[in-house]
Each structure stands twice: as C-alpha cells, then as structure tokens.
Amino acid sequence: MKNVLVIYYSQSGQLGEIAQNIAKPFLNSNEINVTFHEIKLEKPFPFPWDKNSFFDAFPESFLQIPTALKPVSEVVLNTKYDLVLFHYQVWYLSPSIPINSFLKSDEAKKILNNTPVITISGSRNMWIMAQEKIKVLLKEANAQLVGNVALVDRVGNLISVITIVEWMFSGVKKKYLGIFPLPGVSDKDIQESEKFGKVMLSEFQQNNLSNLQPKLLAIDAVKISPYLVTVDKTANKIFNKWSNLIYKNKNNRKLLLKLFNVYLFLAIWLISPIVYILHLFTYPIKLNTIKKETQYYKGV
C-alpha cells in the first residue's frame with residue numbers, strides 16, 4: 001500500500017470540495033491509503049468576515065507571520081507519505097496565514113521531508129507570487145514540488161472583486177443582486193477537477209511524477225494572464241511597504257489599516273484599469289519576456 005496525504009485549509013468550504021474531487025481517483029484505488037488533514041487554527045478567523053478582521057489580517061498575511069495551529073494527529077505525523085496533495089488559498093497576494101503557519105511548523109517539515117508534493121490553489125485570480133512563496137517554503141521543508149494546479153475565478157478582474165467581497169462578508173455563495181455571476185471557482189471547474197486527480201494518479205502509479213506537470217498543463221491545469229502577472233508583481237512591492245509600515249507601528253495600526261483600506265479601493269478601481277491600458281500598449285515590446293515568464297510560471 002502506498003500512502004497519500006491530502007492537506008487543505010478551507011473557510012468557505014470551496015477548497016475542501018476541490019480537495020475531495022481531486023482525491024476521488026486515489027480514493028477509488030485499492031492500492032492507495034488516502035488520509036485527509038485539515039489545517040485548523042487555535043484561534044480561527046471568522047467566516048463570514050467582518051470588515052475589521054478582514055483588513056486586520058493583511059500585515060501578517062503578506063509578511064507570512066505564522067500563528068498557532070491545532071496539532072497534527074500522531075497518525076499523520078508518524079506516517080511516511082509517498083505523495084502529498086497540498087491545497088492552499090491566497091490572502092493578500094501571499095499564502096493564507098493558516099497555510100503559511102503550517103508550512104513553517106516543525107510538523108510540516110517532518111511530514112514533507114523528502115516527499116513529492118503537488119500544489120493545488122483556489123484563488124480569485126492572482127496566485128503567481130503566492131506560488132513563488134510556496135516554492136520557497138517547500139524547499140525549506142526539503143519537499144519535492146512535482147506538480148501544480150491553479151484554479152481561479154474565471155470572470156473579469158473587477159467583477160470578481162464585487163462578487164468575492166460580497167461572498168466573504170455575507171458567507172453566502174450566491175449571485176449578487178441576482179445578476180452577477182457566482183463568486184469563486186465555478187461549480188463546473190470544481191466538479192471537473194477530478195480530471196487532474198486522474199492524471200496525478202496515473203503518473204503516481206507509474207512512478208513518473210517528474211513528468212507530471214506537462215500532462216497537467218495539457219488539460220488546462222494552469223492558465224497565465226500576463227496582465228495579472230504584472231499587477232501581482234507590482235502590488236507585491238507596494239504591499240511590502242504597507243504591511244511593514246502597519247506591522248511596525250502597532251500604536252497606529254487601526255488608523256493605518258483604514259488608510260490602507262482607502263488605498264486598496266483606489267488601487268482596484270482607478271489604478272488597475274490604468275495598468276491594464278499600459279499593459280496593452282507595452283505588450284508587443286515585452287512579448288519575448290512575457291513568453292519566457294509564462295513558460296516559467298506554468299512549470300514547477
């Protein structure tokens with residue numbers, strides 16, 4: 001029997017559903033023992049979010065400052081796994097606090113040591129730089145990244161802002177005002193994510209995980225938007241300044257978070273459209289760079 005571990009953290013239930021669907025082919029195999037580990041915090045974040053908690057999570061999210069987790073079970077901790085399916089979401093362009101806290105823990109380093117890992121993310125649309133940060137943490141844990149699947153909200157950037165915010169603050173996944181599309185990764189993409197699990201299982205059974213990513217790409221496991229890559233990189237530089245300013249000025253934290261809230265609103269609704277227009281004008285000039293970056297970010 002081979003052992004496969006499915007790790008995930010989910011507030012809304014979306015990533016838990018994705019984890020279940022991708023794991024189905026493994027669960028149907030008589031030769032594989034599948035274990036699920038849900039990351040849980042000692043002090044959980046609220047869901048639905050309230051505005052203060054949502055923005056208060058920003059500095060620690062971006063700066064990747066860990067928080068206390070509930071311990072991993074002894075069974076999981078003392079089992080050697082042949083493969084880990086690692087599911088994560090993005091908070092403020094970084095791996096979420098629960099995910100970051102787990103990867104920085106001694107328990108994770110023991111579980112992931114010298115173990116093949118496939119990352120699966122569920123995000124609004126910007127996951128590139130978060131994945132780069134995940135790569136660093138996996139390397140520090142001596143894990144072997146062998147595959148990546150990035151599931152995103154497929155609607156336009158500004159529309160998805162409206163729908164995701166409504167979902168995060170209401171806790172209900174519905175069509176906002178009855179006219180907007182459903183928020184998050186589409187139900188169709190969630191249900192069809194089992195196809196990724198089938199490819200993963202096939203390569204795993206053939207001991208061929210080193211060739212997994214090209215086969216995942218062939219079934220649309222990763223799609224790259226050059227515009228969003230540009231926004232992600234630029235926003236990371238700006239978020240770095242904001243997060244350090246807020247984190248280091250504890251006495252003025254509430255005021256600075258309010259100012260950041262105003263900045264974020266302006267950045268989304270005024271600055272990002274300007275960046276998009278500039279991207280369209282510079283696209284032909286940067287075409288070779290964009291091709292190289294796209295090839296890199298699709299890989300592992």
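**Strands**

I started with the pairing of S3 and strand S6 (residues 116-123): they run parallel over 5 bridges. Strands here are DSSP runs (E, at least two residues), helices are DSSP runs (H or I, at least four), and both are numbered from the N terminus. Two strands count as paired if DSSP finds at least two bridges between them. Histidine 87 stands opposite isoleucine 120 in S6.

I noted the ground rules next. This is a predicted model, in which local features need pLDDT of at least 70, side-chain atom pairs count only at pLDDT 80 or more, and totals for chains, interfaces and linings use all residues. Residues are numbered from 1 along each chain as its sequence is written, and side-chain values use heavy atoms, with hydrogens and water left out.

Then I looked at the other partner of S3. Strand S1 (residues 2-8) joins S3 in parallel through 4 bridges. Leucine 5 has valine 84 as its bridge partner in S3. S1 also pairs with strand S2 (residues 32-38), again in the parallel sense, over 7 bridges. There, asparagine 3 stands opposite asparagine 33 in S2.

How many residues of S3 (residues 83-88) are buried? I found 6 of its 6. Buried means under 20% relative accessible area, exposed means over 50%, and partly exposed lies in between (1.4 Å probe, protein chains only). Leu83, Leu85 and His87 point one way from S3. Val84, Phe86 and Tyr88 point the other way, and all of these are buried too. S1 is largely enclosed by the rest of the structure, because 6 of its 7 residues are buried.

**Helix H1**

I checked the length of helix H1 (residues 14-27). Its 14 residues should span 20 Å at 1.5 Å a residue, and the end C-alpha atoms are 19 Å apart, which agrees. The expected span is 1.5 Å times one less than the number of residues.

Where does H1 kink? I found a kink of about 25° at asparagine 21, shortly before proline 25. The bend is the angle between axes fitted to the seven residues ending at a residue and the seven starting there.

H1 is mostly covered, with 10 of its 14 residues buried. Among them are Leu15, Ile18, Ile22 and Phe26, and also Asn21 and Pro25.

**Largest pocket**

I looked up the largest pocket: about 1300 Å³ of space lies in it. Of its 48 lining residues, the closest to the centre are Phe54, Tyr92, Arg124, Ile164 and Ile268. Elements giving two or more residues to the lining include H1, S6, helix H8 (157-170) and helix H12 (226-248). H13 gives the most, with 10 residues.

The search used a 1 Å grid over the protein atoms alone; a pocket is an open set of points where a 1.4 Å probe fits, with protein on both sides within 12 Å along at least five of seven lines, and lining residues have an atom within 4 Å of a point. Grid points are joined across faces, edges and corners, and the volume is the space filled by probe spheres set on them.

**Two single residues**

Leucine 257 sits in helix H13 (residues 253-282). Leucine 257 is buried, at 9% relative accessible area. I listed its contacts (heavy atoms within 4.5 Å). Not counting residues up to four places away in sequence, leucine 257 touches Phe55, Asp56, Pro59 and Ile246.

Glutamate 60 lies in helix H3 (residues 58-62). Is glutamate 60 buried or exposed? Glutamate 60 is buried, with a relative accessible area of 17%. Leaving aside neighbours within four places in sequence, glutamate 60 is in contact with Ile65, Ile97, Tyr247 and Arg253.
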